[in-house]
Structure formats: structure tokens, C-alpha cells
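Please look over the sequence and the model shown here, and keep both in view while reading. The explanation that follows moves from single residues to the whole chain.

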Amino acid sequence: MLRPFDLGSTQWYILHQLVHHGPTLQRDLVRLLQIERATLTVIVGVLVRKGWVEQVIDPADQRRKLLHITPAGSTLWAQLPDLSAIINEAAFAGISDADREIAVRVLRIATERLDAFIDKGEIS
């Protein structure tokens with residue numbers, strides 16, 4: 001679905017994050033995507049070269065990079081299929097809203113616990 005737009009799934013998620021949550025620190029995407037920093041650097045570099053994302057120094061901390069979607073990125077986003085809806089339908093078709101809420105709550109708690117466990121250095 002993304003191939004005609006010359007876009008990969010991780011690139012799509014970064015654009016999704018920037019469209020729906022606004023400017024985002026690059027380091028925060030490492031945690032959100034659960035990928036290596038070097039991998040994210042390459043992916044962001046591609047998005048910047050394509051003109052879909054702008055990478056600027058965070059005014060609050062010169063060591064951090066802040067990502068913004070560009071006007072070209074917003075134009076692209078408006079043309080993309082709604083993968084969120086497609087994924088949601090494929091994953092949750094026929095499951096009641098109550099069961100979905102329980103699943104989301106359990107997965108959110110489990111993710112938070114694993115993140116805390118990783119932050120303590122108990123898993124690398």
C-alpha cells in the first residue's frame with residue numbers, strides 16, 4: 001500500500017507521529033519505535049532528503065534534534081491510505097469494544113512495565 005508512495009512502514013509511522021502529535025524529539029522516536037538510534041538516523045535522513053520532514057536543533061537543548069513535518073510531508077500524508085483504520089480493522093474485526101478496551105489497557109500496562117524494566121538496565 002505504501003510502495004507507490006516510495007514510503008516504508010517505519011517512515012509512515014514517523015509521519016503519523018508528526019501529523020497527529022506535532023513536532024517530536026528524534027530520541028523519543030527511538031523509544032516509540034523500539035529501534036536502534038542509528039537505524040532511526042538513517043530513516044530520518046531519508047525523510048529529510050525527500051523533503052517530508054525537517055530536522056532542527058531543539059532550542060531547549062542544543063544536543064537534541066526536533067522533527068517537524070514539512071508542507072510537502074503534509075501534502076503526501078493527505079494522499080496516503082489510512083493505514084490506522086486498515087490495521088485496526090484487520091486486527092480487531094469482530095471483537096467487541098469492551099474486549100478491545102481491555103486488550104489496549106493490558107498491553108499499555110505491559111509496555112509501561114517493560115519500558116521501566118529496560119530503563120533500570122535489567123534488559124538491553
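T24 lies in strand β1, which covers residues 24–25, where helices (H or I, at least four residues) and strands (E, at least two) are DSSP runs numbered from the N terminus. The model is a predicted one, in which local features need pLDDT of at least 70 and side-chain atom pairs count only at pLDDT 80 or more, while totals for chains, interfaces and linings use all residues. Residues are numbered from 1 along each chain as its sequence is written, and side-chain values use heavy atoms, with hydrogens and water left out.

With a relative accessible area of 6%, T24 is buried; buried means under 20% relative accessible area, exposed over 50%, and partly exposed in between, with a 1.4 Å probe and protein chains only. Leaving aside residues up to four places away in sequence, T24 touches Q17, L18, L29, K65, L66 and L67, a contact being heavy atoms within 4.5 Å.

As a rule, an α-helix has 3.6 residues a turn, so residues three or four places apart point the same way.

The charged side chains give another view of how segments are connected. A salt bridge is here a side-chain nitrogen of Lys or Arg within 4 Å of a carboxyl oxygen of Asp or Glu, and by this rule the count comes to 5 salt bridges. One of them joins D6 to K50, with the closest N and O atoms 3.3 Å apart. Because D6 lies in the segment before α1 and K50 in the loop between α3 (37–49) and β2 (53–58), the pair ties together parts that are 44 residues apart in sequence. D6 counts as exposed at 52% relative accessibility, whereas K50, at 27%, counts as partly exposed.

Which other residue has a phi near 55°, a positive value in a residue other than glycine? That residue is Q34, whose place is in the loop between α2 (26–33) and α3. At 52% relative accessibility, Q34 counts as exposed.

Two further pairs belong to the salt bridges. The side chains of D28 and R27 meet in a salt bridge with an N to O distance of 4.0 Å; D28 is partly exposed, with a relative accessible area of 35%, and R27, at 51% relative accessibility, counts as exposed. D61 forms a salt bridge with R63, the closest N and O atoms being 2.9 Å apart. In that pair D61 counts as buried, at 17% relative accessibility, while R63 counts as exposed at 73%. Salt bridges that share partners join D58, D61, R63 and R64 into one network.

Taken as a whole, the protein has 6 helices and 3 strands, which follow the pattern α-β-α-α-β-β-α-α-α when read along the sequence. The C-alpha trace spans about 40 × 40 × 25 Å along its principal axes. Of the 124 residues in the protein, 27% are buried. Among the contacts with a separation of 6 or more, 54% are accounted for by residues 24 or more positions apart.

The accessible surface of the protein comes to about 8,500 Å², and 57% of this surface belongs to carbon and sulfur atoms; accessible areas come from the Shrake-Rupley method with a 1.4 Å probe, and for residues only the protein chains shown count as cover. The mean positions of the 14 positive and 15 negative charges are 5 Å apart. For this count Lys and Arg are positive and Asp and Glu negative, with His and the chain ends not counted, and the place of a charge is taken as NZ of Lys, CZ of Arg, CG of Asp or CD of Glu.
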